[in-house]
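Let's take a walk through a protein model, one region after another. Have the sequence and the 3D view open as you read.

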Amino acid sequence: MNQTNVVIPESLPMLPVRDIVIFPYMIIPLFVGRDASIQAVEESLSKNRLIFLASQKEFNEEAPTPESIYTTGTVAMIMRMRKLADGRVKILIQGVCKAVVKNYTQHEPFFSVAVDKINDTYTSTEENNAEVANLVKTAKEQLEKIIALGKMLSPDLLLVLDDIQEPGRIADLIASNLAVKVSDAQKVLETHDHIERLKLINTILASELDVLQMQAKIRTTAKDEMTKSQREYFLREQMKAIKNELGEADSKSDDLEDVRKKIASAKMPPEVEKEAVKQLNRLERMHPDASEASMIRTYLDWMVDLPWSKSTEDVIDLKLAKQVLETDHHGLEKAKDRILEFLAVRKLKKDNLKGPILCFCGPPGVGKTSLGKSIAKAMGRHYFRVALGGVKDEAEIRGHRRTYVGAMPGKVVQALKQCGSNNPVFVLDEIDKLGSDFRGDPSAAMLEVLDPEQNATFRDNYLNVDFDLSNVLFIATANVLENIPSALRDRMEVIQLSGYTENDKLQIAKKHVVRKQIEGNGLTEDQVRFTDDALLSIIGLYTREAGLRNLEREVGSVCRKIAKQFVLGEVKSVTITKESIGDYLGPSRFMKEDRLDEDMIGVVTGLAWTQAGGDVLYVEAISMKGKGGVTLTGQMGDVMKESATAALSYARAHAEQLGIAPDWFENNHIHIHLPAGAIPKDGPSAGITMATAIIGLITGAPTSKDVAMTGEVTLTGRVLPIGGLKEKALAAFSHGIKTVIIPMANKKDLVDIPEEIRNQLKFIAVEHLDEVLQIALTNTGGSSNNKTSRRKPKGKEAAA
């Protein structure tokens, strides 16, 4: 069909086509499915069979607008049309001439456009004949190479090209058969100059030839490395060759590229980043199914997830921090002051301040662990608790080496990953319960963690790189300080947390315990009320502890019984009083009357320290006819037995001064017993207690029931210092003791005892056993031997 003979009407129906550009002289079948497009075809068939074909800019657009359709297109003739069973229409069209849209004459139900025909005639001249010939020759040569490399093109294409003289038509024919991108084909269509169009098609052919040559090279490279049974391996090698040619090294997937980006964004120290990149490069060179590949990938995941440079900003507001600590905990002043001191120093010196390493030591239930949580809250830091009780494997602290199956980092690194910051508050709970066996000693591994000079370069066996722990605030908790190895204990700042007084327990119960148990058992404060006397009765008659766990348990027991009464409809509101507490908890478990009712000969009140706090310990001594000697019962330890022997030796050596008959020891046998025989007892602090019991027994002088004592005694009668004075004083106070005899060297420790206790107890500091006897033994002894005057007491009553 000759372009010059075609008469273009004023308006043509438009058919937007997708993923193809129609050229003049091109014959191609089209499938038409959109309603508007079908109506445009029917309109064309009803008139002159001419239709304007223009390409869409976006393939997926179902309802194109004039802005999304190219303005340059092709006027085509519909040669044949057939309706298909699925509702679509198949048409066979032939391109007639190029045209450009002047304006849209109709938008609904289909587009109609007014077009200007583009004059595409070519005039040959002597000047451009040589250039055209060269361009045509180049295009044909490239086309031959493309066909040779396996491009699926019409076999008659080269023959047809030989019969065409116009360079523009040659370019159009090649573009229509080459299946290039719509944008590239549209450029060819919109290029009106024949020579320029031929140059453009040569550029497209060169690009296509490069791609095909690259694909051939990739196939050759991959095929050389492939065996017959490795089809999957062949595909991977193809990907590898593609990446190589694109200059993206050997990375196997976007996944590894993501890891590389994470390594860069983690802001690791240079040495750490170098190790991470080294392992990533190893992984890239490794087959994905290799056994070591998953191990390295897991290692890299740990490396990028750790907070190498992430930290939380400390709350430097001391007033706010103090308020948080006071709200959450009653008492514990030493621990609170130490944290406030750290924050104050942090405010003054913001750079290179290492976190303190504290150890809260005290009986169970006094709030050591929960205090760590409050400290984190007050400082605005993340909190993590590491339970060390029963840990026996050194690898649980320092991690396993990656050579082991299932290897993973230690508890410290795991906690850092969970916290997401490098300056959290770590509570190392029950550090005194660390064990050891054939797998190593975890307490030795803790030496590096808790050493301020070493933990800046802490090296986990799994990571095998240094991690800076100097910003972490470590808080260890322990019940018995002596169970912590001395090297580890030396690295920590120990803060002793003693038991609570009755008043402390009452205040804590009113502020925290009662509210928690009422809410925890589904009740409200309007339904249940505890009087102060009721709480004091629970504290004194149903619990005997330094902490609060049993108190909380008993209050919870009362609340559960009340909840049962509410459900059964027996009560609407309950006030728990001192008189009604027995109805809920039964008979008292402990009696205040446990203390002595009268002065007794040979029975002395001593004070002891236990893991649960202080306790009162009675030493009983009796004599009987015999041939001398002493019997010790009540599960005494070796140290306590030695104290009893030393006390007896002192009495024998000073028999004359004490008014004891010379033959008394040869004719009598002494039995010393410590009640609660099922409980093991040990330690030197009962020395003066047993000496007083023995001498009181022999001299017949009763011991005052209101006097308790603690102190180690020597063979010469000197009284040496002891530990746990605060706990012992609390125990004496709770048992109604009025006077406490302490070693002179412990007088300095009275400042640790709450003022309310100091005001109600009379502390007397002594240096010698004679002073103890003068204070503790009354002058109503029944023995005629008690006639010797004792040393005048040098001890002074401690200022309350």
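## A strand with neighbours on both sides

Let's start with S23 and strand S24 (residues 762–766), which pair in the parallel sense over five bridges. Strands here are DSSP runs of E with at least two residues, helices are runs of H or I with at least four, and both are numbered from the N terminus. Two strands count as paired if DSSP finds at least two bridges between them. In this pairing, isoleucine 741 has isoleucine 764 in S24 as its bridge partner. S23 also pairs with strand S20 (residues 707–709), again in the parallel sense, over three bridges. There, valine 707 stands opposite threonine 739 in S23.

Before going on, a word on where this comes from: it is a predicted model, where local features need pLDDT of at least 70 and side-chain atom pairs count only at pLDDT 80 or more, while totals for chains, interfaces and linings use all residues. Residues are numbered from 1 along each chain as its sequence is written, and side-chain values use heavy atoms, with hydrogens and water left out.

Buried means under 20% relative accessible area, with exposed over 50% and partly exposed in between (1.4 Å probe, protein chains only). Thr739, Ile741 and Pro743 point one way from the strand, while Val740 and Ile742 point the other way.

## An open sheet of five

Now find the five strands that form an open sheet in the order S8-S9-S12-S7-S13, with parallel pairing. Its edge strands are S8 (383–387) and S13 (493–496), each of which pairs on one side only.

Inside that sheet, four bridges join S9 (residues 425–429) to S12 (residues 473–478). Valine 425 stands opposite leucine 473 in S12.

## A helix and its cover

Which residues of helix H19 (residues 532–542) are buried? They are Ala534, Leu535, Ser537, Ile538, Ile539, Gly540 and Tyr542. The cover over them includes helix H18 (502–520), strand S14 (528–530), helix H20 (549–567), strand S15 (574–576) and helix H21 (581–585), where contact means heavy atoms within 4.5 Å.
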